[in-house]
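Welcome! Have a look at the protein below, then work through the exercises one step at a time.

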Amino acid sequence: MSLKVPKANNIQLFKDGYKVSQGIEDAVLRNIQAVSELSDLVRTSFGPNGRNKLLINHLGRLFVTSDAATIIREIEVVHPAAKLLVMASQAQESEMGDSTNTVLIFAGELLKKAENLLIMGLHPSEIIKGYELACTKALAELENLSTSSLPSPFTHATLSTALKPAIASKQYGFEDTLSSLVAEAALAVMPKNPKNFNVDNVRVVKIMGGSLAGSRVVQGMVFGREPEGMIKKVTRAKVAVFTSALDIAQTETKGTVLIKNADEMLNFTRGEEQHLEKIFKEIADSGVKVIIAGSSVGDLALHYLNRFNIAVLKVLSKFDLRRVCRVANATPLARMGAPTPEEAGFVDVFETIEIGGDRVTVLRQLVEGEEGYDSQAEKTRTATIVLRGATSNHLDDLERAIDDGVNVIKSLLKDPRLVPGAGATELELGKRVEAYGSGLKGLSQHAVKRYATALEVVPRTLAENALGGAEGNEVLSRLWAKHEQKGGEAWGVDVENEQDGTLLATEYKILDSMGAKSWAIRLATEAAVSVLSVDSIIMSKPAGGPKVPQQAGNWDED
C-alpha cells in the first residue's frame with residue numbers, strides 16, 4: 001500500500017504583494033494580448049496615409065504625430081512584455097533612426113500568429129525554432145533583393161530621391177521640399193570621407209509663421225535671438241567663446257570698506273571699472289570682433305564691449321555652445337581674458353537678419369557669389385535648416401521628419417544598397433519563406449509558414465491605411481498574383497490608387513534602405529522570441545515611501 005503524503009495548501013514563497021502568473025494561459029497568451037494591443041495602437045500610423053495620434057504627456061505637453069518613436073517615447077508603457085517590444089523599437093531608432101513602426105507591427109503580428117499555434121497545442125520552443133529559421137532565411141533572401149545602390153559620390157538629386165520614401169511616410173505631400181532641404185544640408189557638411197558624417201551637424205531651427213516653402217538651409221548656425229550689444233553685423237571676424245559670466249567678479253566673502261573722504265569714494269568704483277576696461281582692451285587688441293557668452297553679460301561689460309565695437313551673443317545651451325566651438329573652431333574659455341591665437345576661432349559672417357517677424361543671429365560661411373568667396377576654403381562643419389510653419393505642432397512634426405531623413409543618410413552611408421519599398425520587399429520575402437517552409441520536416445515548418453504570412457502585414461497595413469479594409473484585401477490578392485509572375489519582385493502598394501492599387505516600386509523610385517529593413521526584421525524577431533520564451537511573470541510590490549496621512553474632509557468644522 002502506497003503512502004499518501006498530504007500537501008500543504010498555503011505555502012508562501014514570496015512576500016505579500018507579489019503577483020505571480022505562469023503557464024500558457026496566464027503568462028504567454030496574456031503577454032501576446034498586451035503586445036498585440038501596443039502594435040494595433042501604432043499600426044494605424046504606418047505609411048504615408050497613417051493617422052496622427054494626439055498625445056498629452058505627464059507634463060501636459062501636446063504632441064500631434066504619426067511617428068512611432070515619438071508615440072512610444074511619450075506614452076509610458078508599464079506592461080513588462082510590451083516593454084520588450086518598446087526596447088526593440090528604441091534599438092532600431094538608435095541604430096538606424098527609421099523603420100521603428102515596422103519593428104512594432106511585425107513583432108506584434110508574429111505573436112498574433114504564434115497565438116493560434118499555441119492554442120492548437122504547439123510548444124513555444126517549436127515556434128521559437130521555426131521563427132529563428134525563418135528569420136535567417138528572410139535575411140539571406142533580402143541580400144538578393146537589392147535592386148540598386150546609392151551612387152558615389154553623392155549628388156543632390158540622388159540623395160533627395162533616396163530620402164523621399166522615408167520622409168513621405170511622415171509628411172506625405174511635403175516630401176519633395178523636405179528631402180531637397182535635407183540633401184542640401186547633408187551635402188554642405190559631408191566630410192571628405194563620408195563614413196565620418198555626423199548626424200548632429202545638421203541642425204533645425206523652427207520659426208513660426210510663413211509656410212514650408214519659405215524654409216531654407218544656412219551654412220552655419222542660426223540662433224533665435226539677437227546679439228546683446230549694439231553691433232549686429234561683423235564679417236571675417238575672430239571669435240572668442242567664454243563659458244564664464246562677463247561681469248565684475250564677486251568675492252566669496254563679505255568685506256567692509258571704510259571710506260574717509262570723497263576721493264576714496266570716487267576711486268573705489270573707478271578701480272573696478274579700470275580693471276574691467278583693461279581686460280576688454282586686451283581682448284580687443286588681440287583682434288577679437290565677436291564674443292559668444294555662455295552665461296550672463298553684465299551692464300558694465302556690455303558698455304565696454306560696445307565701446308570697443310565687439311559683438312556679443314549669449315548662448316545659454318551648453319550643447320549649442322559646443323556646436324558653436326565646432327563651427328568657429330574655437331576653444332571655450334572658463335576665464336575672462338584675451339584668448340591665445342590657438343584658442344580663438346574664426347567666422348566669415350556674423351549677422352542679424354529678420355525671418356518672418358523674428359530677428360535671428362546667423363554665424364555662417366560665405367556662399368558662392370558673395371564677395372571674398374574662396375572655393376578652396378574649408379567646408380563648414382554645421383548646416384542649419386530654418387523651418388517655417390503655421391503651428392508649433394506642425395513644426396515639431398516637420399522636424400521629426402527631417403530627423404528621420406538625416407538618419408536615413410547615415411544608414412545609407414553604412415550600407416548604400418536599396419531594396420524596393422511600398423511593401424514589395426516584405427511580400428516577396430513572405431513568398432520565398434513560405435516556399436522554404438513547405439520543404440521543411442517536423443513541427444517547426446508550421447511556425448516558418450506563419451512567419452511568412454506575418455511578413456504580409458506591411459503591405460496589408462499600407463493598403464488598409466490608404467484605401468480601407470475591404471479594398472486593402474483586394475489589393476493584397478492582386479499583389480500576390482503579380483509576385484507569382486517572373487520578375488514581379490518589385491510590385492508594391494500604390495497608396496494613391498491610380499490604376500488597381502499596385503505599382504512597380506523601382507519605376508516610381510520608391511526604394512528603402514536595406515540596412516534598416518534587415519535590422520527591423522532581426523529586432524522584431526528577437527523581440528517576439530523573447531516574449532514567447534517567457535513562461536511566468538513574477539512582479540514584486542512597487543517600492544514606495546510611507547503614505548501621506550489623509551485628513552478627514554470636515555476637520556475644520558467646529
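**Exercise 1. Find what Thr506 touches, leaving out residues up to four places away in sequence.**

Step 1. Contact means heavy atoms within 4.5 Å. By that rule Thr506 touches Thr147, Pro420, Ala490 and Leu511.

Step 2. Now place the residue: Thr506 sits in the loop between strand E17 (502-504) and strand E18 (511-513). Strands (E, at least two residues) and helices (H or I, at least four) are DSSP runs, numbered from the N terminus.

Step 3. Thr506 is partly exposed, because its relative accessibility is 29%. The scale calls a residue buried under 20% relative accessible area, exposed over 50%, and partly exposed in between (1.4 Å probe, protein chains only).

Step 4. Compare sequence with space: Thr506 and Ser148 are 358 residues apart in sequence, and their C-alpha atoms are 9.1 Å apart.

A word on the source: this is a predicted model, in which local features need pLDDT of at least 70 and side-chain atom pairs count only at pLDDT 80 or more, while totals for chains, interfaces and linings use all residues. Residues are numbered from 1 along each chain as its sequence is written, and side-chain values use heavy atoms, with hydrogens and water left out.

**Exercise 2. Describe helix H13 and what covers its buried residues.**

Step 1. H13 runs over residues 444-455, which is 12 residues. From first C-alpha to last it reaches 17 Å, close to the expected 16 Å; the expected span is 1.5 Å times one less than the number of residues.

Step 2. Its buried residues are Ser444, Gln445, Ala447, Val448, Tyr451, Ala452, Ala454 and Leu455.

Step 3. The cover over these residues includes helices H4 (100-120), H5 (124-144), H12 (424-438), H14 (457-467) and H16 (514-532).

**Exercise 3. Work out how H4 and H13 pack.**

Step 1. Two packed helices are described by the angle between their axes and the distance between the axes. For H4 and H13 the angle is about 145°, and the axes are 9 Å apart. Axes are lines fitted to C-alpha atoms, for helices over the stretch in contact, and angles run from 0 to 180 degrees between N-to-C directions.

Step 2. On the H4 side, the contact is made by Phe106, Glu109, Leu110, Lys113, Asn116, Leu117 and Met120. H13 brings His446, Ala447, Arg450, Tyr451, Thr453, Ala454 and Leu455.

**Exercise 4. Which salt bridges does Arg43 make with Glu109 and Glu464?**

Step 1. A salt bridge is a side-chain nitrogen of Lys or Arg within 4 Å of a carboxyl oxygen of Asp or Glu. Glu109 and Arg43 meet at 3.8 Å, N to O. Glu109 lies in helix H4 and Arg43 in helix H1 (residues 23-43), so this pair ties together parts 66 residues apart in sequence.

Step 2. Arg43 and Glu464 also form a salt bridge, at 3.7 Å, N to O. This pair links helix H1 with helix H14, 421 residues apart.

Step 3. Check accessibility: Arg43 is buried because its relative accessible area is 16%, whereas Glu464 is partly exposed at 28%.

**Exercise 5. Is Glu428 buried or exposed, and which salt-bridge network includes this residue?**

Step 1. Glu428 is in helix H12. The residue counts as buried because its relative accessibility is 2%.

Step 2. Leaving aside neighbours within four places in sequence, Glu428 is in contact with Leu145, His483 and Glu489.

Step 3. The network of salt bridges links Lys137, Glu141, Glu428, Lys431 and Arg432.
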